[in-house]
Amino acid sequence: MNSNLRYEHLKRITETQKPYRGTTDKYPFADRHHNYKYFYPREVNGETEYHVGYYHKWESETMTVEEFNAKKSSMAKGELKKWREETIWNKDSNVVETTGNYMKDVKNPKVDLIIRSDNTVEIVTNVFHQGMRMIFSAWNYANGVFQSSVEHGGIVYGRRDSRGDIRIPIFKNIRFNMDTMAVHESSKYLATYSTVDRNKSKEAMSIYQDKLNSAYAFITCMDIETFNQDREEVIDELTPDNKGSHWWSKNMREEATELADKIFFEKPVEAIYVYMKAFNVGYYTSSQAQPSDWINGFKKKFAKYIHVKHDTFNKKYLTHLENFKSSPWNIDITIDGKMVERLT
């Protein structure tokens with residue numbers, strides 16, 4: 001982790017540097033010219049802790065017309081310029097309308113991390129974007145970095161040294177030691193992994209296999225032009241509300257998947273076409289791809305869909321004492337039986 005965020009370093013800054021001009025307790029944790037990298041000392045239960053922020057949050061203040069008219073004569077010129085009529089977007093008439101109030105934008109500090117005297121860090125931010133991950137990380141893997149990992153289900157914090165890669169998941173309010181990566185008592189989690197049970201998977205797929213085989217044989221007999229034309233005509237006919245939409249939203253894909261489920265055993269070829277669109281099969285495929293290429297792409301997506309639909313999984317558990325591992329399936333993390341909010 002960034003060595004500038006260690007408790008003793010922040011404490012030394014408060015003892016040797018002045019707060020930012022116009023404040024009594026806002027200090028830089030990096031270059032003083034970077035006033036968007038800051039921290040505040042706070043007294044909590046008799047202990048000093050440091051609340052660290054990266055950039056600020058913009059919020060709005062409002063007042064009624066009567067309040068504004070009563071105060072504007074006493075406002076300084078610069079303050080008066082900050083106020084404007086509050087507006088909203090009317091979706092029904094597609095116009096901007098005033099609300100009758102006045103508003104101004106206010107830049108306020110925010111808290112992303114809390115550093116305590118035991119050299120632990122608590123992640124309290126709601127959004128952990130790339131800039132924050134870079135600023136809060138060390139310059140090398142040996143000292144700890146934050147990374148976004150799809151295979152781990154979100155943000156992870158990891159170190160790489162002679163012992164290998166060590167990772168822990170990052171979720172809202174996780175607290176851990178910056179030196180040892182030991183998870184604090186308040187954050188001891190249980191990670192639940194799903195692994196595919198081959199027997200359950202084979203049994204679930206057998207329900208569909210005969211229909212799939214006959215549909216595959218029919219589709220692979222087509223040439224490219226006939227296949228593309230047939231597929232597009234069927235999709236337009238079965239999902240008329242989506243006609244002309246090159247990219248389908250999540251809701252559109254879910255509705256199409258439900259439709260394909262309903263017609264699969266009666267019309268397997270048509271169902272496969274709809275599944276292909278709902279699963280984004282062939283989205284990056286060349287226009288010269290053969291029907292067999294589309295089938296191969298569909299098989300992988302459909303197998304994953306069946307695993308989830310029929311719950312063909314076994315459960316595996318890892319505690320906070322074990323290295324956090326990746327998985328092609330969802331990883332559930334709980335503390336005392338309650339799901340935590342993963343940061344992504």
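Trainee: Which residues does Lys110 touch, not counting residues up to four places away in sequence?
Mentor: This is a predicted model, with residues numbered from 1 along each chain as its sequence is written. Local features need pLDDT of at least 70, side-chain atom pairs count only at pLDDT 80 or more, totals for chains, interfaces and linings use all residues, and side-chain values use heavy atoms, without hydrogens or water. Contact means heavy atoms within 4.5 Å. On that basis Lys110 touches Tyr38, Val52, Gly53, Tyr54, Tyr55, His56, Lys57 and Met132.

Trainee: Is Lys110 buried or exposed?
Mentor: Lys110 sits in the loop between β6 (95–109) and β7 (113–115); strands are DSSP E runs of at least two residues, helices H or I runs of at least four, numbered from the N terminus. Buried means under 20% relative accessible area, exposed over 50%, partly exposed in between (1.4 Å probe, protein chains only). Lys110 has 19% relative accessibility, so it counts as buried.

Trainee: Where does α5 bend?
Mentor: Start with the span of α5 (198–220): 23 residues, yet its end C-alpha atoms are only 28 Å apart. A straight helix would reach 33 Å, taking 1.5 Å times one less than the number of residues. The bend is the angle between axes fitted to the seven residues ending at a position and the seven starting there. For α5 it is about 50°, at Tyr208.

Trainee: What do the buried residues of α5 pack against?
Mentor: The buried residues of α5 include Ser201, Met205, Tyr208 and Leu212. In general, residues three or four places apart point the same way, because an α-helix has 3.6 residues a turn. The buried set in α5 packs against β13 (190–196), α6 (224–238), α8 (268–278) and α9 (291–309).

Trainee: Which residue caps the N-terminal end of α5?
Mentor: Find the side-chain oxygen that lies 2.9 Å from the backbone nitrogen of Asn199. That oxygen belongs to Asp197.

Trainee: Which residues of α9 do Ile272, Tyr275 and Met276 in α8 meet?
Mentor: The axes of α8 and α9 are 10 Å apart, at an angle of about 80°. That makes the two helices roughly perpendicular, a label for angles of 65 to 115 degrees. Those α8 residues meet Trp294, Ile295, Phe298, Phe302 and Tyr305.

Conventions:
Polar contact = N/O pair within 3.5 Å; in protein donor to acceptor, adjacent residues only side chain to side chain. Axes fitted to C-alpha atoms, helices over the stretch in contact; angles between N-to-C directions. Parallel < 35°, antiparallel > 145°, perpendicular 65-115°, else oblique.
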